[in-house]
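Visitor: Please take one part of this model and go through it closely. I would like the cut-offs stated as you go.

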Amino acid sequence: MRALGGAGFAVSDVVVGREGSGLAWLAGGAAAPDTVRLNPLSRFPEGSAAELYYEVYGLGRGAPYHTVVRLEREGHRSLFGAIRGLFGGGRAAVLLEFDAAAEGRVTRVHRAVALRDVAKGTYRLTVVITDLASGVSATQTRRFQVVAR
C-alpha cells in the first residue's frame, strides 16, 4: 500500500457504513468536516443501502480517475452471474462504474450502493480506482453481511 498524504496516487481504505447505525465519524478536520457513516458490525438489513466513503490522494485538481464498484456474494457467482450466464456472459456484477475529476490532493468520495434486491448472505465489495493519466490502479475490498430486517 502506498503512503497516504497526496505526494503520489493512493487510495484510503473504504469505509462501508449505514445510515441509521447511530455512529458517524467526522473526517476532514475542523476546516472542512465531512460526516462518514459507520457500521462496525458490518451487517445491513435487507433493502437498506451501504454508504461508501474513501479518499483519493495525489491527483491534481481536475485530474480524471475511474472507479469500478463490484458486489459479489461469497461462495456464489456474482449477483447477476446466473442471469448473465444464461445469455453467454459470466463477468462479475458491476454495480457502479464512473469517471470523476479529482478535487485536489485529497478527494473525499461518498457513494451509496442500494441493497434492495440483495438476498441475505455474506458479500464482498470491491472498489477499484484508476488514475487515468498513469494507468495505476488501487483496489480495496470489504466484506459484510445482509441480514433479515
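Guide: Y53 is buried, at 3% relative accessible area (buried is under 20%, exposed over 50%, partly exposed in between, with a 1.4 Å probe and protein chains only). The model is predicted: local features need pLDDT of at least 70 and side-chain atom pairs 80 or more, while totals for chains, interfaces and linings use all residues. Residues are numbered from 1 along each chain as its sequence is written, and side-chain values use heavy atoms, without hydrogens or water.

The whole structure holds three aromatic pairs (Phe, Tyr or six-membered Trp rings with centres within 6.5 Å; planes under 30 degrees apart are stacked, over 60 edge-to-face, the rest tilted). W25 and Y53 make an edge-to-face pair, with 6.1 Å between centres and 90° between planes. The two sit 28 residues apart, W25 in strand 3 (residues 24-27) and Y53 in strand 6 (strands are DSSP E runs of at least two residues, numbered from the N terminus).

Y54, L115 and F144 touch the most other members of the largest nonpolar core, which has 26 residues (buried Ala, Val, Leu, Ile, Met, Phe, Trp, Tyr and Cys joined through side-chain atoms within 4.5 Å). Strand 6 (49-57) is among the elements giving two or more residues to this core, as are strand 10 and strand 11.

Key. Helices (H or I, at least four residues) and strands (E, at least two) are DSSP runs, numbered from the N terminus.
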